[in-house]
Amino acid sequence: MQKLPKGFIIENPHDLIYTDFKLPKNILHVVKTNNQNLSFTRLSIKHLAEKEELGKSLLDHIGQVLENPDTIHVGNFSNRFLISKEVVIRETRKSQVITVEIMEDQNNIIVTSFIGKNSYLKNLKLLWGTT
């Protein structure tokens with residue numbers, strides 16, 4: 001998808017791409033699910049690919065963020081959660097955020113990932129955090 005120009009319309013954007021990524025058991029109650037499994041949609045993969053090298057770095061760190069998150073915020077929708085962790089990207093510590101959508105049919109989806117600014121996260125309700 002990195003070779004597709006930004007704004008290019010992809011076929012079947014909501015088709016699922018199954019992954020080995022898992023939600024940790026200790027946060028399942030926070031995100032209101034019993035299912036640890038996570039998938040991407042073709043659209044979420046395209047969204048990361050459009051970020052070029054940063055998108056690759058974000059993809060490379062998803063497992064690390066999910067294994068041991070620093071915070072979980074509720075997103076703009078009640079079934080979307082922002083899971084974040086400080087990681088090193090391009091030799092700088094940054095807060096990587098993964099948006100996860102918990103679906104009723106239990107196909108939990110990684111919607112996107114991005115570098116979150118503290119000002120953005122502080123405006124969202126904190127559900128869980130490390131000390």
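Author: Happy to! A residue is called buried at under 20% relative accessible area, exposed at over 50%, and partly exposed in between (1.4 Å probe, protein chains only). Strands (E, at least two residues) and helices (H or I, at least four) are DSSP runs, numbered from the N terminus. This is a predicted model, in which local features need pLDDT of at least 70, side-chain atom pairs count only at pLDDT 80 or more, and totals for chains, interfaces and linings use all residues. Residues are numbered from 1 along each chain as its sequence is written, and side-chain values use heavy atoms, with hydrogens and water left out.

Let us look at strand β3, which covers residues 71-74. Thr71 and His73 point one way from β3, while Ile72 and Val74 point the other way. In a regular strand the side chains alternate between the two faces of the sheet. All four of these β3 residues are buried.

Now for the neighbours. Two strands count as paired if DSSP finds at least two bridges between them. One partner of β3 is strand β4 (residues 80-89), which runs antiparallel to β3 and is joined to it by four bridges. Within that pairing, Val74 has Phe81 of β4 as its bridge partner. β3 and β4 form a hairpin, with five residues between them.

β3 also pairs with strand β7 (residues 126-129), again antiparallel, through three bridges.
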